[in-house]
Structures are given as C-alpha cells and as structure tokens.
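Student: I have a structure to work through. Can we take it step by step?
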Amino acid sequence: MADVTTRIVIADDQAAIRHGFRLVLDAQPDLCVVGEAADGAGALATARLLRPDILLADVRMPGPDGLEVVRQLAGDGPGAVPETRVIVVTTFDLDEYVYPALRDGAAGYLLKRSGPTLLVEAIRAAMSGEALVSPSITVRLLRGLTASPAPATARAALTEREAEVAGLVAQGCTNAEIAAELLISPGTVKTHVASAQRKVGARNRVGVAAWAWRTGLAR
C-alpha cells in the first residue's frame, strides 16, 4: 500500500461511468474512491460532507451542472471546500465549458475518451499542484491565446524569476522540471507559481499558463 492515499468522489449521472471509474481508480495503490454522486446537488453535498482530495465532476448533470460545482467548491464563498480539487471529466470539449471551468478553478479538464491512464495522471497531477488538460483541448486553447496576444507591458507585474517560472509552466513543465531547469528547489518554484497566480489573478497554474501565452512569455 502507498503511504498516502488520495480520497476521491465521482460525480456523474451515468452509473456505468461511475462504476468504470471506480474500478480503474481503486486498482491504484495510492487512490481510493470514497463516495459517488449522480447529480450536482449530490456532488456538492458529498464533497462538503467527506471533504475528499479530488472530486471528478461531469459537466452536464441534473441540478447544478459541473461548472456550478466548480464555482461553488473552488470559490471563496461560505460553501467552498478549498482542500478538494475538482477535475472536470466529460464528453464535451466545447469552449463554453472549458474556459469557465479552468477560469473558476478546476484542477483539470479531461475528455472521457482520453482513457484511464490520463485520468490517473490527472489526479496525481492535481495532488501535486499541477493541472492536466486533455491534449486536444490544450492545442485549441493555445491557438486561441496566441491569435490575440496581450500587450507585453502586462508582464511587468512579475519579477524576472516569476516570469521565467510562468513561461515554463506554460510549456507544461512540472515543478520538479522547472526546479532542475532553473537550478532552484521545487519549494521555491511552488512559491514563485503561487506569487505569479496572485499577481495575474489566476485561480490555478492553468490560468498562469494562459496568461503567459497571452503575453508572449511562452511560444
């Protein structure tokens, strides 16, 4: 058994999907499904009761949809559960779902067709402070961002080191990889990422990456 077990709740209105995810996740030594929900209201109630490490949420569910679940749990309101990272797992890769989910604090956005390996990777990435987005969505996001870059003056808010870190985040580097590249500790990288998030108004490192692409720090 792994020393640390990640506790997961699965929210999806299809019982077969929940069952399939549970089989995949419970087979991992460091993951454990502790609850399920068939709709948005159940997802919110279960997350607030169990306070899992990860909530997997579909976008289209009865009651509050997955986007509202992200907003409530990852937001600053009285019902927020900051210790729970919400990963959207859905069949829909529409921009009207992807952008709000990531903007409001989702710790990842996966398509169900991405397969079990990417699902497990996304959960472990979220637990490490990373955010994994399905590759096909990432390509589209980056194309849209580079099509209308923000003024370079927007970069001035960051220190030189924070800008370096933000640029590497936008390239998809993990904290460990950034640390090795810049010859600093992973803890220092985490501090720089947190500072960059605060300065550019990003909810997570996906937001930092988007900002870096818009300002031309990443190419």
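Student: What is the volume of the second largest pocket?
Tutor: This is a predicted model. In this model, the second largest pocket has a volume of about 640 Å³. Of its 28 lining residues, those closest to the centre include Arg85, Gln197 and Asn204.

Student: What makes a residue part of the lining?
Tutor: A lining residue has an atom within 4 Å of a pocket point. Helix 3 (66-74), strand 4 (85-90), helix 5 (116-127) and helix 9 (186-200) each give two or more residues to the lining. The largest share, five residues, comes from helix 9.

Student: Why is this pocket said to lie between domain 1 and domain 2?
Tutor: Domain 1 (6-143) and domain 2 (150-215) both give residues to the lining, so the pocket lies between them.

Student: Why are strand 2 (31-37) and strand 6 (132-133) called edge strands?
Tutor: Look at the strand order, 2-1-3-4-5-6, in an open sheet with parallel pairing. Strand 2 and strand 6 each pair on one side only.

Student: How do you know that strand 1 and strand 3 pair?
Tutor: Pairing takes at least two bridges. Four bridges join strand 1 (residues 6-11) to strand 3 (residues 54-57), so the two strands count as a pair. In one of these bridges, Ile10 has Leu56 as its partner.

Student: What makes helix 5 a neighbour of the sheet?
Tutor: Contact means heavy atoms within 4.5 Å. Helix 5 packs on the sheet and touches strands including strand 1, strand 4 and strand 5 (108-111). Its direction makes about 160 degrees with that of strand 4.

Note on methods:
Residues are numbered from 1 along each chain as its sequence is written. This is a predicted model: local features need pLDDT of at least 70, side-chain atom pairs count only at pLDDT 80 or more; totals for chains, interfaces and linings use all residues. Side-chain values use heavy atoms; hydrogens and water are left out. On a 1 Å grid over the protein atoms alone, a cavity is a set of points where a 1.4 Å probe fits but cannot get out, and a pocket is an open set with protein on both sides within 12 Å along at least five of seven lines; lining residues have an atom within 4 Å of a point. Grid points are joined across faces, edges and corners, and a volume is the space filled by probe spheres set on the points. Domain bounds come from an automatic or database domain assignment. Axes are lines fitted to C-alpha atoms, for helices over the stretch in contact, and angles run from 0 to 180 degrees between N-to-C directions.
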